[in-house]
Amino acid sequence: MGWDLDGVLADFFSAFNQLLAHMYGVRLLDKPRVWDWPQHELGLTNAQVRRAWDEVKKMPSWWTSLTKTKEIAEIPTDAFARLCHEHETYFITSRPQALHMTTQMQSASWLATRFGLKCPSVIIVNNPRDKTALLSALSLDFYIDDLLSTVQEAPASVKAYLLDKPYNQGPLFGEGVTKFRVKSIAEYIKAVQDAEPRYDRH
Ligand SMILES: [Mg+2]
């Protein structure tokens with residue numbers, strides 16, 4: 001199975017909002033309503049947002065310091081760790097490369113610390129669009145993301161789940177067949193477990 005990180009497991013939004021507030025004095029939002037929320041909800045220019053990203057890339061511990069999303073915080077940590085240890089699991093993200101400690105290492109370290117995962121497999125892609133070929137090459141059965149286009153473009157061999165958010169509304173072609181919109185991570189986990197019951201649970 002596969003997991004996107006930001007917006008699914010990691011609360012990138014809150015940390016980036018705080019950084020933008022620190023840099024530009026903008027307000028803190030309750031939650032993002034559109035994908036490009038810094039521009040559309042906070043009125044920042046593309047150049048200002050790019051400068052904030054440049055700051056992110058310079059921080060050696062940006063990706064290790066994020067908190068969990070409320071969606072994954074609802075799942076008991078040991079249950080999530082057990083699920084990841086019983087199923088071949090990949091964490092697939094389009095986070096940009098960091099300058100000091102690699103984004104891959106920071107992300108793996110975050111997963112190990114926050115969830116107790118042993119040797120989490122993190123794959124960094126340059127662009128969300130690159131996930132399509134990767135999902136196919138890894139022969140994943142299940143994948144969850146919060147970006148509508150990624151779920152939409154997932155190969156039909158993958159059951160692709162969209163974690164429902166205000167910013168990813170829109171038609172999901174193939175919904176109910178190979179694409180699914182879920183309100184909670186528990187729904188995704190249940191689908192994985194129902195499809196592939198493992199051993200005797202105790
Ligand atoms: Mg995401």
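The protein chain of this predicted model has 9 helices and 6 strands, where helices (H or I, at least four residues) and strands (E, at least two) are DSSP runs numbered from the N terminus. Its radius of gyration, taken over C-alpha atoms, is 17 Å, close to the 17 Å that the globule rule gives for 202 residues, so the chain is as compact as a globular protein of that length; the rule is 2.2 Å times the number of residues to the power 0.38. Residues are numbered from 1 along each chain as its sequence is written. Because the model is predicted, local features need pLDDT of at least 70 and side-chain atom pairs count only at pLDDT 80 or more, while totals for chains, interfaces and linings use all residues.

The domain assignment, automatic or from a database, divides the chain into domain 1 (2-10 + 68-195) and domain 2 (12-58). The C-alpha centres of domain 1 and domain 2 lie 23 Å apart, and their contact (C-beta atoms, placed from the backbone, within 7 Å) takes 8 residues from domain 1 and 9 residues from domain 2.

Helix α1 (residues 12-24) and helix α3 (residues 46-58) pack at an angle of about 110 degrees, with their axes 10 Å apart; the axes are lines fitted to C-alpha atoms over the stretch in contact, and angles run from 0 to 180 degrees between N-to-C directions. That angle makes α1 roughly perpendicular to α3, a term covering 65 to 115 degrees. Leu19, Leu20, Met23 and Tyr24 in α1 meet Gln48, Ala52 and Glu55 in α3.

Definitions and conventions: Angles under 35 degrees count as roughly parallel, over 145 as roughly antiparallel, 65 to 115 as roughly perpendicular and the rest as oblique. Two residues are in contact if their C-beta atoms, placed from the backbone, lie within 7 Å.
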